[in-house]
Structure formats: C-alpha cells, structure tokens
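Entries follow in the order I looked things up.

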Amino acid sequence: MNTAVTGTAQAGGTKSRRRGKRVVIVLVVLAGLLVGADFAAATYAEHTVSQKAREQLGLSQDPAVTIHGFPFATQALAGEYGHISLSADGVGVQQLRDLSVRADLHDVDAPLSDLTSGNVSDIAIGRLTGEITLKASDIAGVAPLTNIDDLSIEPSSKAYVLHGEGVDDERAAQIDDDGDDSSEGVRLSGKVDVAGERIEIFAFAMIELEGTTIRITPHRLQFGNDQETTVVPDEVQQALLPNFEADINAGEMPFTVTPTAIRVESGSLTLHGEARDVTFAGVASAFGG
C-alpha cells in the first residue's frame, strides 16, 4: 500500500517537473521572439533613416545608422530616442571628395509615424556631436598644396613647430598643454623642385581653426627624410614656405556643426564640433555644398 502511494506521488512529481520545464521553454522561446521582433523593428527603422540620409546627402551608399538602447519598441512608441549614431565615408564637399563623417545624435524626437513613412526631415535633435576627418589625399588638392607631390601629414608638437629644439622640456610641456583644442602642430612633407633638383622637404606648421576656416601656417622647413634632416637656409625657406600655407573652408562641412577642436593623426586631420536643437533636414542641408 505504501509502495503504491509513493509511486503515484513520484509520478505526479515527474509530471509537474515536465510541465514546469515546458513552461520555461515556452517563456524562453517567447522572449526570444519578442527580442527578435524588437531587433527587426530597430533594423527597419535604421534602414529607413539610412536610405533617407543617402538620398538627402547625395551619398554613393547608405550610411551606417545605429539606434542605441533596448528595447527599441519602448523608444519607438514614445517617439524619443536617447542616442542614434550615424557614419559615412566618401562624402564630398566642394573640392574635398573623401571625407569621413561620424555623428552622435542625442535626445532625438522622432514620432513612429514619421519613421515608418520615411518622413525624417522634421526629426528634432537635441544635441549633436560630430567629427569630420579629412585625408591627406584631399588636403593635397587644396591650393597651393597642389605644388607638393606625395603630400603626407603627421602630428607634431606645438613646441617643436614654434621653437624647434631650442626649448627645454618644462617650457615645451607648457606650450603643448595650453588647453587650446582649436590648434595643433602638424608636419607636412612632400617632394618639391629646388634649383632643378627633386628633393623631399618637411614643413612644420600650426593648423588652427579661425571661425569656419582651417588655417595651415608653416613656421619652419627641413630637408631630408625620417632618419636625417637638415635645416633649410633662410632665403630658401622664404621662397618655399608659401607652398605649405593654405586655408580650407569648413563652413560647408556636414552636420551644420561649428568646429571647435582639431586633431592631427597620421595621414589625416579631424574636426570636432557640437550643435544643439537642429533638425535632420538642417543636418542634411550641409552635405554636398
């Protein structure tokens, strides 16, 4: 009698555990479906914004768009997004044809109906931070840098640009850490003809933001290569320095961002800026100027 009761109880417990497992499996599958649906909806919205951005910005391919945060559905129903990022390469503005653009859109107000219909022009952006990278190949096309063959760009300290080696370490640190992000030292190099001879020359310059103008001002020249350099005589410097002096108009740059900081890297320079309370249409209008 006791054995039968025990067997019945064990059978009931086994069935209960099986039901519990089935419930867990159903919940896991349901959660997976919901997550999948959320990602699918986010992907659709990103694709819509990307296609419209391509049309309005005149790009050769869709820019990469990422809507951050989970779940997407909560943001979509409220029409409020904390963070959307956008990136594009090969963007052309005036004589510059190969810009790389990165933007982070914060506090975005975009009703779901606008996203689903593709009406993104009136999307409101509370805060926009953007970076625009200019490659050496594009900068080489800005006069009079067109006189320099095989132009390359490398970072240089402000202290070395302004004073060469004639400054001690403490003073050099003060110059380099002046807190001014709107200017940087840069080393430009390339080949030029001097007295009928083809030589490699290095120009140490300051690159500065003045309003919407990127100004390159050379201070010193050196002959040579990366292993050995020679200071250029003053009379030759005066003749060659203007070839490395150039202004680049940043007023037509993408994202209606006023640049406030500049960074020099190997082969490129990057502008950084912020804008507040803009619309997607306003952002797009700056492309292809």
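I set the burial classes before anything else: buried is under 20% relative accessible area, exposed is over 50%, and partly exposed lies in between, with a 1.4 Å probe and protein chains only. This is a predicted model, so I took local features at pLDDT of at least 70 and side-chain atom pairs at pLDDT 80 or more, while totals for chains, interfaces and linings use all residues. Residues are numbered from 1 along each chain as its sequence is written, and side-chain values use heavy atoms, with hydrogens and water left out.

**Entry: the chain overall**

I counted eight helices and 12 strands. These are DSSP runs numbered from the N terminus, helices being H or I of at least four residues and strands E of at least two. Of the 289 residues, 40% count as buried. I then looked at contacts (heavy atoms within 4.5 Å). Among those between residues at least 6 apart in sequence, 59% join residues at least 24 apart.

**Entry: cavities**

I used a 1 Å grid over the protein atoms alone; a cavity is a set of points where a 1.4 Å probe fits but cannot get out, and lining residues have an atom within 4 Å of a point. Points are joined across faces, edges and corners, and a volume is the space filled by probe spheres set on them. I found two cavities of 30 Å³ or more. Strand 2 has the largest share, three residues. The lining divides into 12 nonpolar, no polar and no charged residues. Here Ala, Val, Leu, Ile, Met, Phe, Trp, Tyr, Cys and Pro count as nonpolar, Asp, Glu, Lys and Arg as charged, and the others, Gly among them, as polar.

**Entry: salt bridges**

I required a side-chain nitrogen of Lys or Arg within 4 Å of a carboxyl oxygen of Asp or Glu. The count is eight. R102 pairs with D89 at 3.2 Å, N to O. R102 lies in strand 3 and D89 in strand 2, so the pair ties together parts 13 residues apart in sequence. R102 is partly exposed at 36%, and D89 is partly exposed at 40%.

D98 meets K135 at 3.9 Å, N to O. This pair links strand 3 to strand 4 (residues 124-135), 37 residues apart.

K191 bridges to D150, the closest N and O atoms being 3.7 Å apart. K191 sits in strand 6 (residues 183-194) and D150 in strand 5 (residues 149-156), 41 residues apart. K191 is partly exposed at 32%, whereas D150 is exposed at 58%.

Last, I noted a network of salt bridges linking E131, R263 and E265.

Conventions: 1 Å grid on protein atoms, 1.4 Å probe; cavity = no way out; pocket = protein on both sides within 12 Å on 5 of 7 lines; lining within 4 Å.
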